[in-house]
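Subject: Structure handover

Hello,

Here is the structure for your files. Please open it first, then read the notes below it.

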Amino acid sequence: MKKTLFLPLLSLLFACALGEQKNIPENSLDRNLAKFEPKDGVLLFVGQELEAVGAVPGYEDGYLNHFPKPAGWTSYTNINPGEVSFGRTQEGLDGLWETHDWGDNDYNAMLQHKDPDYTNMALAIGLQFVNHEEKVADGTHDAYIDRLGDFLLSLGKRPVFLRIAYEFDGDPWNHYDREMTVVAYKRIVDRLRAKGVENTAYVWQSTGFISGQEHLEGWYPGDDYVDWCGVSFFNRWKEIEMFEFARKKGKPVFIAEATPTISDYGGKLYGLTKETQLSNAEQADEAWEKWFLPFFETVEQNKDVVKAVHYINCHWDSHPMWYENPTFKGVDARLQLSEKLGKLWLEKTNNPPFILTSNIL
């Protein structure tokens with residue numbers, strides 16, 4: 001299918017970057033554009049690990065090998081040195097410069113950054129520091145923040161969306177201390193700014209279904225520290241309150257994690273979802289009707305604030321981290337497995353409002 005060409009991504013994003021904010025026309029939103037926020041349209045990101053995104057040596061059956069290049073890709077890292085994750089002892093900032101697997105397959109953001117197939121794409125990084133929020137907040141882990149700054153600076157003008165303490169309210173799997181996490185978030189932003197990092201927008205991401213308006217306010221670091229509000233879109237998407245919260249704050253929303261998950265009878269209480277293998281034609285059809293269409297409808301219904309989305313093109317049930325996870329243990333969300341669903345996906349994302357990338361720099 002012919003790829004829809006858009007304005008060069010880097011030019012598009014940097015038109016709204018580096019502290020420059022432009023007024024949206026009177027017939028649109030009554031607020032200023034945030035850093036890297038497109039005036040019109042929705043940036044499409046795909047992730048989340050090397051296998052899922054593809055197009056680098058050794059990982060050549062991912063999204064980029066089958067579909068037009070999106071606006072960006074996602075990766076993950078941490079500031080939790082010494083923590084053990086599925087047999088690996090984390091060093092801190094794992095997966096940025098070297099290939100590491102902490103139970104969720106391989107990550108290596110620098111490998112992708114240097115690959116020509118990733119030119120003219122933005123990068124979204126999920127940064128977690130579970131059990132280390134106090135050490136981040138009190139300065140014990142400043143060296144890791146500084147090294148993260150070095151990494152961000154090394155990317156040049158590539159736009160980065162840094163999701164600090166993503167899914168901060170995700171208890172019990174994250175169990176962040178609220179007060180310490182807010183302080184830690186601010187310290188990271190302050191220190192990166194002081195280091196001269198200018199290619200990074202700061203994203204504050206909730207789970208979506210746990211916190212209401214009052215609780216979100218209690219986690220909020222403040223307008224000066226949040227460029228984008230973020231939210232996850234899984235099986236309990238009907239409970240999301242972040243769209244309304246973002247409107248009140250005058251911030252755009254990044255649907256920063258999304259993958260087809262359909263609630264089972266135990267979905268409300270236990271997070272249980274139905275088996276969803278996109279290689280199975282019947283299950284792919286059900287996923288389209290019960291998850292993909294509501295996803296696109298949600299983007300359309302909230303187009304005043306939703307300006308970026310991230311599809312996780314992941315073989316979830318092949319990764320040890322998700323073997324027993326009630327939401328993802330029966331899910332294989334790789335779009336390339338279903339010819340029918342892949343075509344439907346292209347019909348949606350190859351057209352406005354979605355912003356892909358262009359080979360023109």
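**Aromatic pairs**

The structure holds 37 aromatic pairs. Rings of Phe, Tyr and Trp (its six-membered ring) pair if their centres lie within 6.5 Å; planes under 30 degrees apart are stacked, over 60 edge-to-face, and the rest tilted. Take Phe296 and Phe354: their ring centres are 5.8 Å apart and their planes stand at 80°, so this pair is edge-to-face. Phe296 lies in helix α10 (residues 281–301) and Phe354 in strand β15 (residues 354–355), so the pair ties together parts 58 residues apart in sequence. Helices (H or I, at least four residues) and strands (E, at least two) are DSSP runs, numbered from the N terminus. Both Phe296 and Phe354 are buried, meaning under 20% relative accessible area with a 1.4 Å probe, protein chains only. Ring pairs also join these two into a cluster, with Phe233, Trp237 and Trp288 among its other members.

**How the model was treated**

This is a predicted model: local features need pLDDT of at least 70, side-chain atom pairs count only at pLDDT 80 or more, and totals for chains, interfaces and linings use all residues. Residues are numbered from 1 along each chain as its sequence is written, and side-chain values use heavy atoms, with hydrogens and water left out.

**Charges over rings**

A charge sits over a ring if NZ of Lys or CZ of Arg is within 6 Å of the ring centre and within 35 degrees of the ring normal. Arg163 lies over the face of Tyr166, 5.1 Å from the ring centre. Arg193 has its charged end over the ring of Tyr225, 5.8 Å from the centre.

**The largest pocket**

A pocket is an open set of points on a 1 Å grid over the protein atoms alone, with protein on both sides within 12 Å along at least five of seven lines; lining residues have an atom within 4 Å of a point. The largest pocket holds about 1,100 Å³, volume being the space filled by probe spheres set on the points, which are joined across faces, edges and corners. Its lining has 38 residues, and Glu167, Trp173, Asn174, Met321 and Trp322 lie nearest the centre. Which element gives the largest share of this lining? That is α9, with four residues. The lining divides into 17 nonpolar, 15 polar and six charged residues. Here Ala, Val, Leu, Ile, Met, Phe, Trp, Tyr, Cys and Pro count as nonpolar, Asp, Glu, Lys and Arg as charged, and the others, Gly among them, as polar.

Best wishes

Conventions
Buried means under 20% relative accessible area, exposed over 50%, partly exposed in between (1.4 Å probe, protein chains only). On a 1 Å grid over the protein atoms alone, a cavity is a set of points where a 1.4 Å probe fits but cannot get out, and a pocket is an open set with protein on both sides within 12 Å along at least five of seven lines; lining residues have an atom within 4 Å of a point.
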